[in-house]
Amino acid sequence: QCPCETIQHRHTPLFYPKQNTTMATPAPKSGPGNLATFNILHGFPEALVRGMRSSFLADADYHHLTQCETLDDVRLNLSETDYMDALADMGTLIPTGLQKAAVEKLVTEFKYLRTQAIEPLSTFLDFITYEYMIENVMLLLKGTLSGRDINELIAQCHPLGMFKESTMRSIPTFESTP
């Protein structure tokens, strides 16, 4: 007999769920929209690329470069860009020096990005270097067949396709087998 006979109620506790029932709220899923883990793997490389993208020369910069008549004008126009550090190291500006500085800047930034990347981005960046590696091997083999000095050939190799120094020196010593 219930002491509160005037109120109709059940005597089963309401806070205990029934046996063999499921909760109305599904279990949380970890998906791409989770704010705590979104872009956790590739966030820093993405930020690096966005920063590097902002250092590209704009259309106006290219237009000003096409109007230059001397290399000093080129230096003046590039002094307000990310190339100013490379230009500061050069005493006299020559076209090959400018090209070398631009390639060194590219290689430095590429290698830094490669060290920060994980799969699958790291594999993709490795694929980019394979073309330069193949070109360097072909340059060394062709140069060796024509009798050129190995030091001169190594200096002409593209920096993105460089192997270890010992590997670069051993490539021209391979014997050709028919």
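1. Helices here are DSSP runs of H or I with at least four residues, strands are runs of E with at least two, and both are numbered from the N terminus. The model is a predicted one, in which local features need pLDDT of at least 70 and side-chain atom pairs count only at pLDDT 80 or more, while totals for chains, interfaces and linings use all residues. Residues are numbered from 1 along each chain as its sequence is written, and side-chain values use heavy atoms, with hydrogens and water left out.

2. On the overall plan, the protein chain has eight helices and zero strands, and its pattern, read along the sequence, is α-α-α-α-α-α-α-α. Buried residues, meaning those under 20% relative accessible area (exposed is over 50%, partly exposed is in between, with a 1.4 Å probe and protein chains only), make up 20% of the 178 residues in the protein chain. The chain exposes about 14300 Å², of which carbon and sulfur atoms supply 60%; accessible areas come from the Shrake-Rupley method with a 1.4 Å probe, and for residues only the protein chains shown count as cover. Contact means heavy atoms within 4.5 Å, and among contacts in the protein chain between residues at least 6 apart in sequence, 41% join residues at least 24 apart.

3. A nonpolar core is taken as a set of buried Ala, Val, Leu, Ile, Met, Phe, Trp, Tyr and Cys residues joined through side-chain atoms within 4.5 Å. The largest such core has nine residues, namely Leu 57, Cys 68, Val 74, Leu 78, Ala 86, Leu 87, Met 90, Leu 93 and Ala 101. Helix 3 (71–78) and helix 4 (84–88) each contribute at least two residues to this core. A second, separate core has eight residues, among them Leu 48, Met 52, Leu 113 and Leu 160. Returning to Leu 93, and not counting residues up to four places away in sequence, this residue touches Leu 71, Val 74, Arg 75, Leu 87 and Leu 98.

4. Helix 5 has 22 residues and reaches 32 Å from its first C-alpha to its last, close to the 32 Å expected at 1.5 Å a residue, where the expected span is 1.5 Å times one less than the number of residues. The buried residues of this helix are Gly 97, Ala 101, Lys 105, Val 107, Phe 110 and Leu 113, and what covers them includes helix 1, helix 4 and helix 6.

5. A search of the whole structure finds five salt bridges, a salt bridge being a side-chain nitrogen of Lys or Arg within 4 Å of a carboxyl oxygen of Asp or Glu. One of them joins the side chains of Arg 50 and Glu 46 at 2.9 Å, N to O. Both residues lie in helix 1 (residues 43–53), four residues apart, about one turn of the helix. An α-helix has 3.6 residues a turn, so residues three or four places apart point the same way. Arg 50 counts as exposed because its relative accessibility is 57%, whereas Glu 46, at 31%, counts as partly exposed.

6. Another salt bridge links the side chains of Asp 126 and Arg 114 at 2.8 Å, N to O. Asp 126 lies in helix 6 and Arg 114 in helix 5 (residues 95–116), so this pair ties together parts that are twelve residues apart in sequence. Asp 126 is partly exposed, with a relative accessible area of 23%, and Arg 114 is partly exposed at 26%. Arg 114 is also a contact of Ser 122, which, leaving aside its neighbours within four places in sequence, is in contact with Arg 114 and Ala 117. Ser 122 is placed in helix 6 (residues 121–145) and counts as buried because its relative accessibility is 4%.

7. Glu 152 forms a further salt bridge with Arg 148, the closest N and O atoms being 2.9 Å apart. Glu 152 is partly exposed at 38% relative accessible area, and Arg 148 is partly exposed at 35%.

8. Ile 134 is found in helix 6 and is exposed, with a relative accessible area of 55%.
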